[in-house]
Amino acid sequence: MNEQELKKKANALRHEISSQNKKLKLIYQELGRRSSELKALRERRDELNSRHKELSVKAKGFREKRDKLNQVVKEVRGSRKELIKKIRSITTDISESKKLRDELNKSSKGTEELLESALNEKLSVLLEEDIPLKDEKRLYELVLNLSERLGTAKKASQIHEKIVSDFSDVKSMDDKIDSTSNQLKDLSLIADEYHKRALALYDEMKKVRSEANEYHKKLTDKYKDSSPPREQIQSIKDEIQKLSEELAPVSEALEKLRSEREDKRRKEKAVEAKEKLKSTKRISLRDFRNLLEHGGVSLSDVDDS
Amino acid sequence: MNVSEIKPEELRKKLVAKHKNLLKESKKQLKDFRRVTVLEEKVDQLSHWVAEQDEPDKKLVESRGKAADELAEIRSRLTDHSPKRVTELEEKIRGHEEALKFWTDDERAGTQEKG
């Protein structure tokens, strides 16, 4: 091939290489853009996952608080049930005691004070005074009867005190039940509140999870879209490599031609400069250098002349 | 004794103790009364013998003195000196003995309780 043909071929190859490089640049730009998009999608997905985790911890906290309170409610209810059972038992006892007390009062036919006073008086007469036997026998029976009745009256009194004490206990327990019922109401309200908060968080978590999944899908889809450009890049690089390899010998040949031409020109110039030096003895520095390189002249020759 | 829980046997024991005490007292009083009668007679007799003698026997006088002192002492203890008191005391003694018999008789006391 001649120089013109070589030049034409080299230009065509260079043009093609440039075109391929431009393509490559565009692809890199596209990849860069996609990389930014992927980064944004990944960050958003990770942010949503992090939020989901945070919500999960909070929801767990509310759930645990609710469960603890429910346990307390269960225990308090149990205590209240026991109290109610106890009240019923004591109330039954009170009812039976009242019956017994009333029977004893009916049987004693008098108050403790009156009976004791009468008994002491009769006993004093019986044991201290000298009275006929028939009166003694009568008083003896009377004293025993009064004593029995007094015992009955004392027993009725004791039972009455027990009834009063039991009533007091029942009242205390009733008050305790009222207080417990109020406590249960409050605890249940709070437990319910915790439960609602947990549910609200679970709803939010569901939404966040759904959104995170959407972003994840977009991310995976985008990754798939990125692979063709990468394949293209390799193909273009291969093509550039091939063109470069094709261009190399052409460039070498052109360079050789150019170098030969330049050498010839310099040699011609040197001859001209030599002739000029012979005639005028004045040449330019450039011509002088050229002469030194290509004209077969040394500095010693110049000094001599 | 717990007045609200008086047991029949407990009450009977106290009645027995009461009557024993009263019986002892009545017997002592009756003994005193009888002793008064004896001493009055003794003092009277000794006084008669002392009056008969021109020079009273020392022993007789002394004996009369002792009897008179004892009589005075017993009389000071007795509240009622009347003769009917003896009858009363004898009746009392009989009454107390009867009561004692009654209250110490377990069989009868048991019947009394059941009755």
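B:His96 is buried, with a relative accessible area of 2%, where buried means under 20% relative accessible area, exposed over 50% and partly exposed in between (1.4 Å probe, protein chains only). This residue belongs to a predicted model, in which local features need pLDDT of at least 70 and side-chain atom pairs count only at pLDDT 80 or more, while totals for chains, interfaces and linings use all residues. Residues are numbered from 1 along each chain as its sequence is written, chains are lettered from A and ligands numbered from 1 in the order in which they are written, and side-chain values use heavy atoms, with hydrogens and water left out.

**The surroundings of B:His96**

- B:His96 sits in helix α3 (residues 84–104) of chain B, helices being DSSP runs of H or I with at least four residues, numbered from the N terminus.
- Not counting residues up to four places away in sequence, B:His96 touches A:Asp130, B:His19, B:Leu22, B:Leu23 and B:Ser26, and contact here means heavy atoms within 4.5 Å.

**Where chain A meets chain B**

- The contact draws 22 residues from chain A and 22 residues from chain B.
- Between them the two chains bury about 1700 Å², 67% of it on carbon and sulfur atoms; buried area is the accessible area (1.4 Å probe) that two parts lose on being put together, summed over both.
- A:Leu127, A:Asp130 and A:Tyr140 supply 35% of the area that chain A buries against chain B, which is more than any other three residues.
- Two salt bridges are counted between chain A and chain B, a salt bridge being a side-chain nitrogen of Lys or Arg within 4 Å of a carboxyl oxygen of Asp or Glu.
- A:Asp130 forms a salt bridge with B:Lys92, and the closest N and O atoms of this pair are 2.9 Å apart.
- On the side of chain A that touches chain B, α2 (112–128) and α3 (133–280) of chain A each supply at least two residues, and α3(A) gives the most, with eleven residues.

**Nonpolar cores**

- The largest nonpolar core has 35 residues, and those that touch the most other members are A:Leu119, A:Leu123, A:Leu126, A:Val143, B:Ile6, B:Leu11 and B:Trp103; such a core is a set of buried Ala, Val, Leu, Ile, Met, Phe, Trp, Tyr and Cys residues joined through side-chain atoms within 4.5 Å.
- At least two residues of this core come from each of α2 and α3 of chain A and α1 (8–52), α2 (58–77) and α3 of chain B, with the largest share, nine residues, coming from α1(B).
- Leaving aside neighbours within four places in sequence, B:Trp103 is in contact with residues of both chains, including A:Leu133, A:Tyr140, B:Leu15 and B:His19.
- A second, separate core of 16 residues includes A:Leu48, A:Ala191, A:Ala198 and A:Leu201.

**Two further residues of chain A**

- A:Leu13 lies in helix α1 of chain A and counts as buried at 7% relative accessibility.
- The C-alpha atoms of A:Leu13 and A:Ile240 are separated by 9.6 Å, although these residues are 227 residues apart along the chain.
- A:Leu13 also touches A:Leu243, A:Glu246 and A:Leu247, not counting residues up to four places away in sequence.
- Most residues other than glycine have a negative phi, whereas A:Lys109, which is not a glycine, has a positive phi of about 50°.
- A:Lys109 lies in the loop between α1 (3–108) and α2 of chain A, and A:Lys109 is exposed, with a relative accessible area of 64%.
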